[in-house]
Amino acid sequence: MKTKFQFIKPLGKFILLLILVGISFSYAMFQGGFVSWFLFYSFLPFALYAVLVFLYPLSEFYVERGFESNEYKAGDELKVTITLSRKIPFPLFYMVLEDVVTDSVFHHSGFQKAKAMIHPGFRKRIKLTYYIEKLPRGEHIFSAARLRTGDFFGVFEKEATVECTNKLLVYPSFVDVPYRPLENRYDQGMTASNVKIQKDTTMATGIRDYQPGDRFSWIHWKTFARTNELMTKEFEERQSHDVLIVLDREASSAFEEMVTFTASMIRSILKKGAQVGLVSIGEDHVSFPIRGGEEHQSQLYYHLAKVRQDSPYALGKILQGEGLNYSQSAAVLFVTSSVSKKMIMSANEYAKRNSSVVIFLVKRKGDVYTAEEKSLKAYASSRGIRMKVCFEGDFSSAFMEVKRA
């Protein structure tokens, strides 16, 4: 039904225009004289131009969109260049060009609409440039260009949408977060070690007498068969700085700051030669294993570029239900904007495995560190869990303060 009305409306305007031409011609014929014919001949070009605008196809425009770079970080300025080209140089008096972009560009930026009035004239090629300041993180889709034009009197107004799709992935911004390997605590903090020691069971360096508590798989059976005495293999010990980061995806005003902090930690940890994994649970459950290397780093950044605050449950409840699959020697870092007793109790399960557990409570600049949060920090400390409050703009001291804790 709407399609029929859209067709009838311009047809009605076209008939009205013919009636106006007929009226002006009749007036000139019956009235006679210079004035009446002057009015007819003056009106005739505008009427003819309106008819030509009605017949001119806007779909013959070809739209090309370009960016200065292929990679952007949140907060960067984006320069968008749109080039319109056509084969028929029909003289258009004006044209309104609007770039069709997903709503994700409007968040955390001053960008309103890429809309501009241009005067094409007889030009076959038109170039338009606009800027988006403080580009927000995420995947932004530029899907089409909407064109609108008309005649001098506004009798005919034409609109067309020309498809032109470009996808722009904006990575999170980075800040300097110097990483320092965390101390591993045993027996609720009675002793501490600067590094976590792991035995590399693929490299046996010798044998020794069997001691109670040695694993059954460590027994050297050839020596036992020869001497009838239990001997245990000795393995090469190596240092482990493996880190698992758990990102809270519950809706929060500080979510972008949390993503920035997480991305900055990943870059710093990998730069130090350590390995890092990431667990991100929202509408989807995404888990990256603890690894190193540039390819792994790119995968983590790609996820953080597209991640959304879409978790329907609090992190404490998710941890109780899902659980984390990771090496017991890895340090577990929770990144959240809200902490609760349930979350601390869930994190305590990982602290019992002799893992270093740290909760980073991320806050925006100007937010208040409440008395309840201070109380929860003391409660976490009594459970052997370190909690660090990180304000926007002061992320660089995150690991420094944890080291002193």
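Predicted model: local features only at pLDDT ≥ 70, side-chain atom pairs only at ≥ 80, totals over all residues.
Trainee: Why is Cys390 called buried?

Mentor: The word buried is kept for residues under 20% relative accessible area, and Cys390 has 0%, so it counts as buried. Cys164, with a relative accessible area of 10%, falls under the cut-off too and is therefore also buried.

Trainee: How many disulfides does a search of the whole structure find?

Mentor: The search finds 0 disulfides.

Trainee: What makes Glu68 and Lys79 a salt bridge?

Mentor: A side-chain nitrogen of Lys or Arg has to lie within 4 Å of a carboxyl oxygen of Asp or Glu, and the closest N and O atoms of Glu68 and Lys79 are 3.9 Å apart, so the pair meets the definition. This pair links distant parts of the chain, since Glu68 is in the loop between β1 and β2 while Lys79 is in strand β3, 11 residues apart.

Trainee: Why is Glu68 called exposed, and what is Lys79 called?

Mentor: Exposed means over 50% and partly exposed lies between that value and 20%; Glu68, at 61%, therefore counts as exposed, whereas Lys79, at 23%, counts as partly exposed.

Trainee: How many salt bridges are found in the whole structure, and what do Arg146 and Glu159 form?

Mentor: The search finds 10 salt bridges. The side chains of Arg146 and Glu159 meet in a salt bridge with an N to O distance of 3.9 Å. Arg146 lies in strand β7 (residues 138-150) and Glu159 in strand β8 (residues 157-171), so this pair ties together parts that are 13 residues apart in sequence. Arg146 has a relative accessible area of 27%, which means that it is partly exposed.

Trainee: How do you know that Arg364 and Glu257 form a salt bridge?

Mentor: Their N to O distance is 4.0 Å, and the definition asks for a distance within 4 Å, so the side chains of Arg364 and Glu257 are counted as meeting in a salt bridge. Here too distant parts of the chain are linked: Arg364 is in the loop between β17 and α8, and Glu257 is in helix α4 (residues 255-271), 107 residues apart. Arg364 is partly exposed at 34%, while Glu257, at 12%, counts as buried. Salt bridges that share partners also join Glu98, Arg146 and Glu159 into one network.

Trainee: Why are β2 and β5 called edge strands of their sheet?

Mentor: Their open sheet has 5 strands in the order β2-β8-β7-β4-β5, with mixed pairing. β2 and β5 each have a single partner strand, so one side of each is left without a neighbour in the sheet. For β5, 5 bridges join it to strand β4 (residues 95-101), and the two run antiparallel; Met95 stands opposite Ile118 in β5.

Trainee: What is the order of the open sheet of 3 strands, and what is its pairing?

Mentor: Its order is β1-β3-β6, and the pairing is antiparallel. The edge strands are β1 (62-67) and β6 (125-132), each pairing on one side only. Strand β3 (residues 78-85) and β6 are joined over 8 bridges, and Thr81 stands opposite Thr129 in β6.

Definitions and conventions: Residues numbered from 1 in each chain as written. Heavy atoms only, no water. Pairing = 2+ DSSP bridges. Helix = DSSP H or I, 4+ residues; strand = E, 2+ residues; numbered from the N terminus. Disulfide = S-S within 2.5 Å. Buried < 20%, exposed > 50% of the residue type's maximum accessible area, 1.4 Å probe, protein only.
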